[in-house]
Structures are given as C-alpha cells and as structure tokens.
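Trainee: I am new to this structure. Please take me through one part of it slowly, and then show me how the rest of the chain ties in.

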Amino acid sequence: TAPATWSGQLRTIFGLAEGEPVPTLRDWLASCAHPDDREVVRHEFARLMHSQQATKELGFRIIHRNGEVRHLYTHSRHEAGAHGATYFGVVVDLTEQRRAEAELKGAAERAALAARGAGLGTWEMDARSKEMRWDEQMWLLRGLQPGARPLNYEERMACLHPDDRLAVSQTLEPALAAGTAVNQEFRVVWPDGSVHWLASRSVELDDGTGQRRRIGVNWDITASRTADIVRQERAMALRENESKSKFLARMSHELRTPLNAV
C-alpha cells in the first residue's frame, strides 16, 4: 500500500499533475480503475504480491480524469531484496489501437452487411499458396450450405455448367498467372439441378510487404440473363414475322399480276 514512483509519461496516462502525490494501489483502484475491471485488477495484483509468480501481464481499462475510458496494458514484476520485495512495471496505452481496431471492425461489418444486402459473395485468395477464404454468400450462390473450408479448384469446376468449364479455365488460369483482373460470366448447376448465371470480378493486390492476394466478388445475374434471352427470342420472333409478311406480300404480288391478266 506504499506510494509508488511514477514517470512523467505514466502521470500523463492517468492525468496526474506534476508534483501531485502518487496514489496508493488501494486509492488507485478506487479512483482510476474501470468499475467493470476493478475486481479483476485487484485480484491479479494481489496474486503478484502474495505468490511466487515473478511477473504479471494484464490488460484493463481506466477512467481518465477527463472522463474518457482508456485501454491499458501493463507488464509488472517483483524482485526480492534485503528490505522486502520491490515492484516495478511498464504501462502501455492501447486506447488509439483499440479505437482503430473497433473502427476497422465496424467498417468490415458494414461492408459485409452491404455485400449481403446486394447479394454479393466475397472471396480472397493468397496469390502464392492459393489458400482461399469464402463468405457465406459464396456458398449460397451455388445452392450449398456453408462449409468449414472453401471449395478447391476441382470442386469449383464441378459446380460449373459443363458447357462453361473450358471457357472459365481458359480465362481464369492465365489471369491468375499474370496477376491481371478477371471479369467473367458463367453458369453454375445447383444440387437440385437448377441452372443459375453468376458474374465474377476479381483483382490482385499487393499489401506493400510483397504478399499478393486476389480479392473478388460473385453475384447472381440469372434474372438479367433470362431477360436478355427473352428479349432476343422476341426480337427473333419479330424478325421472323416480318420475313413472313414480306414473303407473303411478295408472293401475293407475284400471283396477282398473272391472275389479273387471266
């Protein structure tokens, strides 16, 4: 319970003014430690002081004097001496790191939510090892339940319509080798036998450390492809009707001339 000696930086972390007395551990727990972490911190420091454990690493929150919640990490140690044990440690403020992690997680969750709302399946592949990661929608776009691992190359090809496998491989494999973007449209056959059109877009990225990865998206374009086919069939039927009309008009003209003479 004796007062400790704090560095200037540690005073700044806790909002302790220069020259202000350093609080005892009991006072510090009561005034600085976050209420939800207080008992854990008390218990862990008690273990450090009353056991043979020489070091203690602990993460916890404090309430700064300005009311802000800050995240700290401490590495504490004690050494026995002629006049009793001496305790010392290092405290690192992780608040900005935690805030950045929370913002990144929030952005990732918002992006995932937007992708699911738009029906987009997202995937990522290590360019060197070819190891892949799929989100849930990638499975659903193929009529499959999400599995523990993404489908391998042979399994992905088996999902394709037989008439599209060669074209997909001839486009995909050179692009993967060259690191170029890929834009494809192909059909997949679901386990129930239904055929669905998918569009695929992917690019290769360098994370700045020499590690290259390919990220991509898939989405269902069955409705638009079906609409295109219907439009094409209607246009073909219209052309055929026009051709029939022209033929009948020509034949009518050809027959009418000699009949008039008769």
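Trainee: Which residue in E8 does valine 203 stand opposite?

Mentor: This is a predicted model, so keep that in mind throughout. Valine 203 stands opposite isoleucine 215 in E8. Now look at the strands around that pair. Nine bridges join strand E7, residues 195-206, to strand E8, residues 212-220. The two strands run antiparallel.

In general, strands of a sheet pair through backbone hydrogen bonds, either parallel or antiparallel.

Step back to the whole sheet. It is open and has five strands, in the order E5-E4-E8-E7-E6, with antiparallel pairing. The edges are strand E5 (132-134) and strand E6 (182-189). Each has a single partner strand, so one side of each is left without a neighbour in the sheet. On average, neighbouring strands are turned by 25 degrees against each other, direction ignored. A helix packs on this sheet: H7, residues 165-178. Helix H7 touches strand E4 (121-126), E6, E7 and E8. The direction of H7 makes about 145 degrees with that of E6.

Now for the charged pairs. The whole structure holds 17 salt bridges. In general, side chains of opposite charge can pair when their charged atoms come close.

Arginine 187 and aspartate 164 meet through their side chains in a salt bridge, at 2.8 Å from N to O. Arginine 187 is in strand E6, and aspartate 164 is in the loop between helix H6 (153-159) and H7. The two are 23 residues apart, so the pair links distant parts of the chain.

Aspartate 93 forms a salt bridge with arginine 70, and their closest N and O atoms are 2.8 Å apart. Aspartate 93 belongs to strand E3 (residues 86-93) and arginine 70 to strand E2, 23 residues apart. Aspartate 93 is partly exposed, with a relative accessible area of 29%. Arginine 70 is buried, at 13%. Both also belong to a network: salt bridges with shared partners join Glu68, Arg70, Asp93, Glu96 and Arg99.

One more pair to find. The side chains of arginine 65 and glutamate 20 meet in a salt bridge, 2.4 Å from N to O. Arginine 65 lies in the loop between strand E1 (55-63) and strand E2 (69-79). Glutamate 20 lies in the loop between helix H1 (8-14) and helix H2 (25-31). The pair therefore ties together parts that are 45 residues apart in sequence. Arginine 65 is exposed, with a relative accessible area of 53%. Glutamate 20 is partly exposed, at 23%.

Key. Residues are numbered from 1 along each chain as its sequence is written. This is a predicted model: local features need pLDDT of at least 70, side-chain atom pairs count only at pLDDT 80 or more; totals for chains, interfaces and linings use all residues. Side-chain values use heavy atoms; hydrogens and water are left out. Two strands pair if DSSP finds at least two bridges between them. Helices (H or I, at least four residues) and strands (E, at least two) are DSSP runs, numbered from the N terminus. Axes are lines fitted to C-alpha atoms, for helices over the stretch in contact, and angles run from 0 to 180 degrees between N-to-C directions. Contact means heavy atoms within 4.5 Å. A salt bridge is a side-chain nitrogen of Lys or Arg within 4 Å of a carboxyl oxygen of Asp or Glu. Buried means under 20% relative accessible area, exposed over 50%, partly exposed in between (1.4 Å probe, protein chains only).
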